Amino acid sequence: MTAQTTTTDVPAILVLEDGRVFRGRSFGAQGETFGEIVFNTGMTGYQETLTDPSYHRQIVAMTAPHIGNTGVNDDDPESGRIWVAGYVVREPARIPSNWRAQRTLDEELRRQGVVGIAMPGTRALTRHLRDRGAMRAAISTTETDPAALLERVTASPRMAGADLMGEVTTTEPYTVAPPQGVPTRYRVAAVDLGIKAMTPQRLAERGCEVTVLPATATAEEILALDTDGVFFSNGPGDPATADGPVAAMRGVLDAGKPLFGICFGNQILGRALGLGTYKLRFGHRGVNQPVRDVHSGRVYITSQNHGFAVDAPTGGPFDTPYGRAEVSYFGLNDNVVEGLRLLDRPAFSVQYHPEAAAGPHDAAELFDAFCDLMAADSAQPAQPAQS
């Protein structure tokens, strides 16, 4: 791959909700875009970040200084398109170098109409967001007056209260089968709240035939598949708006099916148990987030992307409508709840991403734990559903 990134000398501005202005040059498509601005601390995996549906309606600022070094390929996307609303980098790679590269990052951003900015102030921007919190913002190559752009930023929708699942979920069910040579051991229903492609692939690698369902799937529709387990995925928006998935999960819990949730799915489990959720100041986004297992004390370095969290008791087991539960993991940077586990039913969730595209893979064993739950459940005699 020898194509050169074609960043232009067209001026671009980034205007934050609190009036802070950054100037740079256009990177990707020209035009303007609005969204909640957040920062990602990953030094790798920019293609997976761009295509993660959880970033829908967010402008993502990368803290790593060089972005685009390995170009873009057709194998690593986590979905069928780029979902970020806008992209902020310090220094785009001039010449990408990787044997798998098929296009430059700049070409891909332009091809998909994603407006970006290359600017020298990404460190200052990150510090500002850590101090002030995530906020609304805009990138523009067409509006040269920051004050005029700021008026439109403050009129744009907020992330708190945003119901975005329906904008990213699959419209029709589809199936991901185990790879050739891997026997089918379990059947899993996966509710797509903004699922990453690597998640059903990780399950399939372990012998799971995964049927991916739209976010609107009801408990009756899920249970009608008579699968061995149920999975609730990551996704964008405010979990306080996700009444449908919460009701569906409660139906799955009533039926006693083995259940596993990731990220948004963790927040849905929290709500299903009667817990609240809240918006974090600036969220966790990157591939270097440390979490600790409450029981073993083991520390995992994890991939994360979330701006909301579960408000749960951390002092030990607590009562829920489905028996006792506990916080299973917490974040070492800020003590945020990073996992929940039911003690009387086969259900657990984590706030981080064990599928970990593009790494790290410390927590991949959680997919094995889900398989173990399904194996243990299938070995037990059938029990009547409890409520």
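Reader: In this predicted model, are Arg103 and Glu108 buried or exposed?
Author: Arg103 and Glu108 are joined by a salt bridge, with their closest N and O atoms 2.7 Å apart. A residue counts as buried under 20% relative accessible area and as exposed over 50%. Both Arg103 and Glu108 fall in the class called buried.

Reader: Which residues are linked with Arg103 and Glu108 in a network of salt bridges?
Author: The salt bridge between Arg103 and Glu108 belongs to a network. Besides Arg103 and Glu108, the network includes Asp74 and Arg111.

Reader: How many salt bridges does the model contain?
Author: Side chains of opposite charge can pair when their charged atoms come close. The cut-off applied here is a side-chain nitrogen of Lys or Arg within 4 Å of a carboxyl oxygen of Asp or Glu. By this rule, the number of salt bridges is 21.

Reader: How many residues apart in sequence are the parts tied together by the pair Glu36 and Lys279?
Author: The side chains of Glu36 and Lys279 form a salt bridge, at 2.6 Å from N to O. Glu36 belongs to strand β3 (residues 32-40) and Lys279 to strand β15 (residues 276-293), so the pair ties together parts whose separation in sequence is 243 residues.

Reader: What separates Glu205 and Arg202 within helix α6?
Author: Glu205 and Arg202 form a salt bridge, their closest N and O atoms being 3.5 Å apart. With 35% relative accessibility, Glu205 is partly exposed, whereas Arg202, at 17%, is buried. Both lie in helix α6 (residues 198-205), and because they are 3 residues apart, the separation is about one helical turn.

Reader: Which element gives the most residues to the largest nonpolar core?
Author: The largest nonpolar core has 33 residues, and Ile222, Phe232 and Leu253 have the most contacts inside it. At least two residues of this core come from each of β11 (186-191), β13 (229-232), α8 (243-255), α9 (264-272), β18 (323-331) and β19 (337-342). With 5 residues, the element that gives the most to this core is α8.

Reader: How many residues of α9 are buried?
Author: The helix α9 is mostly covered. Of the 9 residues in α9, the number buried is 9.

Reader: What is the phi of Gly274, which follows α9?
Author: Gly274 comes after α9. The phi of Gly274 is positive, near 95°.

Reader: How far apart are the C-alpha atoms of Phe370 and Pro346?
Author: Phe370 lies in helix α10 (residues 365-379), and its 0% relative accessibility is why it counts as buried. Beyond four places in sequence, Phe370 touches Val188, Leu203, Gly229, Val230, Pro258, Leu259, Phe260 and Phe348. Phe370 and Pro346 are 24 residues apart along the chain, and the separation of their C-alpha atoms is 9.0 Å.

Reader: What is the C-alpha to C-alpha separation of Leu225 and Arg187?
Author: Leu225 is in the loop between α7 (219-224) and β13, and it counts as partly exposed because its relative accessible area is 27%. Leaving aside neighbours within four places in sequence, Leu225 is in contact with Arg187, Ala189, Thr211 and Leu213. Leu225 and Arg187 are 38 residues apart in sequence, and their C-alpha to C-alpha separation is 9.1 Å.

Reader: What accessible area do Val299, Ile301 and Leu332 have together?
Author: Ile301 is in strand β16 (residues 299-311), and its 34% relative accessibility is why it counts as partly exposed. Val299, Ile301 and Leu332 form a nonpolar patch on the surface, and their accessible area together is about 200 Å².

Reader: Where is the pLDDT below 50?
Author: The chain has a mean pLDDT of 94, and 96% of its residues reach 70 or more. The stretch with pLDDT below 50 has 21 contacts in the model beyond near neighbours in sequence, and it covers residues 1-5.

Notes: Residues numbered from 1 in each chain as written. Predicted model: local features only at pLDDT ≥ 70, side-chain atom pairs only at ≥ 80, totals over all residues. Heavy atoms only, no water. Core = buried A, V, L, I, M, F, W, Y, C linked by side-chain atoms within 4.5 Å. Buried < 20%, exposed > 50% of the residue type's maximum accessible area, 1.4 Å probe, protein only. Helix = DSSP H or I, 4+ residues; strand = E, 2+ residues; numbered from the N terminus. pLDDT = per-residue confidence, 0-100. Contact = heavy atoms within 4.5 Å. Patch = residues over 30% accessible without salt bridge, like charges linked within 9 Å, V, L, I, M, F, W, Y side chains within 5 Å. Areas by Shrake-Rupley, 256 points an atom, 1.4 Å probe, with all protein chains shown as cover.
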